[in-house]
Amino acid sequence: MSTAVWDALGIAETNDIGTVRSAYARALKQIDMDADPRAYIALREARDHAIFLIRRSAIEAAQGRRDKSETPHQASPGLEPTEDPITVPAASYEDHVAQLTRLLFPDGDDVDPGTRHDELLKAHFNALLTDPRMDEIAFRVQAEAQLAHLIAGSLPRSRSLIELAIPAFNWLGPARVDTLPAVAAILDHAQSLGDRQATDIDDSQSPIFSSGATGHTTGVHTSDTIDHNAEFYSAHYNDLVALFFPQDENAQPLTPEQKVAARGHFATLVSDPRMDLVGFRIGAESQFAQLIAYSTPRSDCIVLMAIDFFDWTTTEERIDQPELIAHILDRARGIRFVDAVQAPDHPFHAAWTELTTPLGDKLRPAVSVQPATMYRLLASIRAEQPLIERDLDPARVAMWDKKLAKYGSSMGPPRQSGGRVPLWAIAIGVFILLSLLGRLGESMGNTSGFTSPPATLVGSRSGLSATMADSAVDIDPVLAEIGGNGLTLGVLRDKNTALSTLLDSKWTLARDQGQNLSDFQRETGKLLLDRIATTVRNSADDNLIIHYQQERLSDLRMLALSAPADCVYLGRPGRIAVGDVPAFFSPERKELYARILERADVKSQPIESTGPQLDRAELSAIAARAGSSPSQVTMLLDGKMGSNEQQCAARIAEIEALLALPVTRGAKLLKLI
Amino acid sequence: MIVGIDLGTTNSAVAVWRDGEAQLIPNALGDFLTPSAISIGEDDQVIVGLPARDRRETHPGRTATAFKRLMGTQQRTKLGRHLFDAEQLSALILGSLKADAETFLGEPVTEAVITVPAYFNDRQRKATRRAGELAGFNVRRLLNEPTAAALAYGLQDRGEKEPFLVFDLGGGTFDVSIVEIFDGIIEVRASAGDNRLGGEDFNEIVVDLARKELPADLLELNSPNIIELQRAAAERTRRALSENDSADFVITIGDRQEKVQITAAAFEAAAEPLVARLRDPVLRSLRDSGVMAETLSEIVLVGGATRMPIVRRAVTRMFGRFPDATINADHAIALGAAVQAGLLSRDEALDEVRLTDVCPFTLGVNNAVRDARGGMQTGIFSPIIERNTPIPASRVNYYHTISDNQQAIVFDIYQGEAREVKHNIKLGTMRIPVPPKPAGHVTVECRFSYDTSGLLEVDVTVPDTGLTYNLVIFDEDAKIANQQMEQRRAVLAQLKVHPRDDATNQAVLARAARCYESFIADRRELVGTWILEFEAALAAQDPRTIEHARKQITTALDHLEGERFL
């Protein structure tokens, strides 16, 4: 790939940007941009990439991180210039991929890569790019995915391939909606190595206000006056930094006097006459954005001032809005809300005061608040300003959550129409009726006992209900399958608004696109199981993890007898069910899942994949239970050998053994499987 | 020959590349600048330029100015009994410039390069092209105005130039471009702008200030012309404030004349919000180009409105240095357009010169994105060609289906920077049929190709079927407009154009008429007398008498109201 750049420019490789530009100019004058746009595009990309390569090597040299495995073309005195370049025999794409796999995933651990390992990797990579099928879209798309996974899965061994892969597949191009996670991981890794997109190096990140900064001297100001002022402003800046980034980790929140001081510092800093200079302003804006965003919530006192001065609200809804500024604007919304709610005549004032009063010994509200009002406040905070929840007293919030739960699904989203028979009345009516019929066995312990009639999974119609209000009709059957009849959309709206909103929005989308019911329900089921698995794996609640694994164990035991292959499947880390329809969940399992779903996190988070390892004793214990040796059992658990029955037995033994450990240790290990 | 035309909000100009340099072409009055004003005479005569601008105050219901601001919209202006849209009005200006060029060069002129603000969107650009075609031009290229200025500036001394900034504040638009010159290549690095910021907006500030002091009954006078009179008065006052500490805002309706004194200080205080808006495009272009403000080699001012002291001071404060003063702020764009014309005709003198520009807006499609809660948000803008990509450009992105058995992917094509497509400008739409498969299993490749004439082509390939779909972007307005091209051309052809030789006399009469109306009492009577004398001379039809009389009245008017300005 690299030689192509220099060939296109018609020069030998160089470290001088001027030479590159002159070559580009010469070449440009030979082509007709209007008649042959492709020629221009190719030339321009070659030039920009050449400059990128030169700049990057300059950065790395400056930072002293000269990578020894640089491309053999990089002019670097000291590396062996007399060695022959590596060539690989011409072969098909698949062969090259096989070779790369062998090199990147060697059989034994700690295999010495060898000094020319990186060159060999690159040679294979370049070779597979020349396969003629790479011109076909479908082939290329698949190849890209395959190579992305290959590279991402073998980092850091595959690091040298990144610089070839990125331009080959244009991974630094416009952000794609379907960027493979593997590609994202690769780009992150590349970022951390100091790779950067080709631009003039914009040093606006350089500390503008650091002490000793002389300011940017220009033709108009004299350096004497600037130096003096720069010190003055630097002092204010350092004071601000000290307030927002205290050395002491347990520092108290800012006192009112400190907040006033911070505002004063900020006001002084933005009155700096250098702020009129656009260059200075760009740098200052970037610095303040970082200062404020990274010291939330201490920086809350100047957030609104900063937004006003730098006019950050104009960035809303633009695709180039920087993330830090988006964060700060979010925070501002929360701050404005909190400010508004402090006013005594604000409808939520009482509820807010109640939630921010620390809970004492008695589980009683400190301020008299209507439950409906409190419900609305909590719902609105959680849906729109989740960060504010940090400012509330958690014990107080927990108490209210429990109080409001008593009202069950009748406390659904605030309804606009009045005059209907309250749902809780219907609920109680049905409850009484059904309890008389002895159907209480199915209901859940901590809900109102309002049961819904058993629903069939496959509806009599294939499409989704026409009106939004009926989303529950479509979704409840799925919830019942997973969490039992006590888990309905109404309950979720009460307990886990985020999750119910998610389900509703998926339902809306499915309905708009005319998706059929069974597909939608299957997908929803998958989604919920996924969330359960994620929540458990990321959970800090040891008891939950243990409980979850206990349920899983009982399933595995059942499957060991009936379907060992399924047992193995379910035994893999992170697996929660066999197939799509969780038809065999026991009532206890369903109750557990219902509870998990009530607190499930809806953000898709990366699953923690590292943790403690089994120690020798633990491993021996497992081996003993499984009736084999420690090394064998390791292989069985990794699925590298053995029949289904054996692997299944190994997994069961593992879980049993871990459950027998002390809770804290056991939970940590169980989380990983 | 190809001519280069600056079609401005306030003034227009035409130039040509000849004998190794760019030369401005004078109009029938001998001026290089032709005010962008159209008026319809009593007998359906088209009056273009300075006399039309004067008639703005005497015949406001038959005159149109600043119609560049209406380009890209369907809005029409009523002139007498005619209704014209912005394209037709611009075509009349262009037609007049075409006649000027043909007279100057002594040959037919059918090809032109026309400039547009860098921040003109696709609709506005297409409207400009259509205006050129209505005027009988083959529009070879649309050139961005700051780029044109950079061309003119760069060719002054043909040396290397570290990145410099072009600050173009015209009558109706504001553009900023960062340009670099090396080895004869003039390369635009980034462009940004504000389409609703120009001299006209500063005029509005003056009007607002004056209205505070005008007597209430005057404001309520139900004269449809009062808006035009105010604007004209404000323009005059604003220019005067560039030279003096205070100026009078004078408005005459019938026999009544009102004066309001406006101080420069008051004007500048009131104009502060407009000046603050100048900063944002500067910041954006600096950020996008990655060039540091301190390393800019020059700040080049272009456009009449940069003569205002308030603007110059703002520029000096922004950059900490004085702006460059070597090019003529009024002529640079037309001269630059002529250079581009020369490049297109492969003139030998420009053999070692090339120009590359960038696309000022992001181009992309609508998309659905998973939000933080796992739901699907539709109507999200997915960029394919990012702004400030060098053109010609060709970029691809891949998209896949989001539901099972989806029958088609509908691509709506947008231009803009907003995160949600509803805030961007829709350029077109394509419906791509896809084979029925589970969600996410069908991937299509969408390629955008944007060429130097600003034409966007979209190619979508569906690997599963092997089919490719192509769309060349025509927006809805354009389709209708193109169909009616002949009709509209016919409408314009019906209008008579004043004989060229008579232009000077016509201009003098228009000016005298305006002066008559804007002065009262004794002075008005005086002007009346001069007009009668001049008309008598015209009736005599002796060229020498006419010329003598014209000089007399011109001098007299100059004494009365100062020399005319452009």
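Q: What makes the pairing of Asp194(B) with Arg277(B) a salt bridge?
A: In this predicted model, the closest N and O atoms of Asp194(B) and Arg277(B) are 3.1 Å apart. The cut-off is 4 Å between a side-chain nitrogen of Lys or Arg and a carboxyl oxygen of Asp or Glu, so the pair qualifies. The bridge links distant parts of the chain, with Asp194(B) in strand β14 of chain B and Arg277(B) in helix α8 (residues 264-277) of chain B, 83 residues apart.

Q: Why is Arg277(B) put in its accessibility class?
A: The relative accessibility of Arg277(B) is 33%. That value falls between the limits of 20% and 50%, so Arg277(B) counts as partly exposed.

Q: Which residues are joined into one network by salt bridges that share partners?
A: The network consists of Asp54(B), Glu57(B), Arg236(B), Arg511(B), Arg514(B), Asp558(B) and Glu561(B). Arg236(B) belongs to helix α7 (residues 226-241) of chain B. Leaving out residues up to four places away in sequence, Arg236(B) touches Glu57(B), Arg514(B), Glu561(B) and Phe565(B).

Q: How do you know that Glu187(B) and Arg44(A) form a salt bridge?
A: Their closest N and O atoms are 3.5 Å apart, and the rule asks for a distance within 4 Å, so the pair counts. The bridge crosses between chains, from strand β14 (residues 185-194) of chain B, which holds Glu187(B), to helix α3 (residues 37-62) of chain A, which holds Arg44(A).

Q: Why are Glu187(B) and Arg44(A) given their accessibility class?
A: Glu187(B) has 1% relative accessibility, and Arg44(A) has 9%. The limit for buried is under 20%, so Glu187(B) and Arg44(A) are buried.

Q: What makes Arg274(A) and Asp272(A) a salt bridge?
A: The N to O distance between their side chains is 2.8 Å. Because this is within 4 Å, the pair meets the rule. Both residues are buried. Over all chains, the count by this rule is 59 salt bridges.

Q: Why is Asp357(B) said to have no salt bridge?
A: The nearest side chain of opposite charge, Arg125(B), is 6.9 Å away. The rule requires a distance within 4 Å, so no salt bridge is assigned to Asp357(B). Asp357(B) is buried and is found in strand β18 (residues 354-359) of chain B.

Q: What makes the pair of Asp357(B) and Asn144(B) a polar contact?
A: Their side chains make this contact at 3.1 Å.

Key. Residues numbered from 1 in each chain as written. Chains lettered and ligands numbered in written order. Predicted model: local features only at pLDDT ≥ 70, side-chain atom pairs only at ≥ 80, totals over all residues. Heavy atoms only, no water. Helix = DSSP H or I, 4+ residues; strand = E, 2+ residues; numbered from the N terminus. Buried < 20%, exposed > 50% of the residue type's maximum accessible area, 1.4 Å probe, protein only. Lys, Arg positive; Asp, Glu negative; His and termini not counted. Polar contact = N/O pair within 3.5 Å; in protein donor to acceptor, adjacent residues only side chain to side chain. Contact = heavy atoms within 4.5 Å.
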